[in-house]
Amino acid sequence: MLLRPVEQRDAAAITAALQDWEVTRWLSSVPWPYAREDAEWFIAEAEAGRVAPLAIMRDDALLGIIATDDELGYWLARAHWGQGYMPEAAAAVVDAFFESRGENLASSHLEGNARSAAVLSGLGFREMRRQMRPSRPLGREVASVVVELTRADWQARRSGT
């Protein structure tokens with residue numbers, strides 16, 4: 001597995017993955033239905049430095065996207081669920097986050113998203129609160145779980161203590 005900045009050549013794979021309702025329904029900010037123009041806009045935002053997403057790659061195939069802009073966020077194309085890619089990618093991104101920043105790392109997941117909850121729990125994130133959050137694909141507010149990982153908890157987990 002490789003993490004690299006998103007590129008225009010990723011537009012078709014991003015579009016295909018986010019046209020899958022089972023992926024998009026768990027995200028809060030992507031439009032539905034998802035079009036090629038949406039992927040091109042997203043990649044242009046990354047190229048301009050306004051966001052910093054990384055493509056999760058394996059054998060030249062895009063598996064998903066991960067970023068730590070305002071908080072840790074990610075998605076994985078459904079064909080790659082349950083194969084251990086997201087915990088591996090997220091651990092690498094969290095390592096890089098704590099190497100370059102001193103603050104705690106926040107994330108969240110929609111209530112009912114057991115896969116995302118398991119990834120975050122496995123990394124050591126702890127629930128901070130529950131809140132309502134706008135969901136663009138669902139067109140309404142939905143319940144979400146806000147979690148946080150402290151630098152101390154991450155370091156303790158990484159050192160095995």
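## Before we start

Residues are counted from 1 along each chain as its sequence is written, and side-chain values use heavy atoms, with hydrogens and water left out. In this predicted model, local features need a pLDDT of at least 70 and side-chain atom pairs count only at pLDDT 80 or more, while totals for chains, interfaces and linings use all residues.

## The overall fold

Let's begin with the whole chain. It has six helices and seven strands; these are DSSP runs, numbered from the N terminus, with helices being H or I of at least four residues and strands being E of at least two. Starting at the N terminus, the order is β-α-α-α-β-β-β-α-β-α-β-β-α.

How does the radius of gyration fit a compact globule? For 161 residues such a globule would have a value near 15 Å, and the chain has 15 Å, so the two agree. (The radius is taken over C-alpha atoms, and the globule rule is 2.2 Å times the number of residues to the power 0.38.) Along the principal axes, the C-alpha atoms fill a box of roughly 45 × 35 × 30 Å.

## The largest pocket

Next comes the largest pocket, which holds about 1,300 Å³ of space. On a 1 Å grid over the protein atoms alone, a pocket is an open set of points where a 1.4 Å probe fits, with protein on both sides within 12 Å along at least five of seven lines; lining residues have an atom within 4 Å of a point. Grid points are joined across faces, edges and corners, and the volume is the space filled by probe spheres set on the points.

Its lining has 46 residues, and L27, S29, G73, Y74 and W75 lie nearest the centre. Strand β4 gives the most, with five residues. Other elements that supply at least two residues include α3 (36-47) and α4 (85-100). By type, the lining divides into 25 nonpolar, 12 polar and nine charged residues. Here Ala, Val, Leu, Ile, Met, Phe, Trp, Tyr, Cys and Pro are nonpolar, Asp, Glu, Lys and Arg are charged, and the others, Gly among them, are polar.

## A closer look at M86

Buried residues make up 41% of the chain.

Leaving out residues up to four places away in sequence, M86 touches I56, I65, I66, Y74, W75, L76 and V119, where a contact means heavy atoms within 4.5 Å.

Terms used
Buried < 20%, exposed > 50% of the residue type's maximum accessible area, 1.4 Å probe, protein only.
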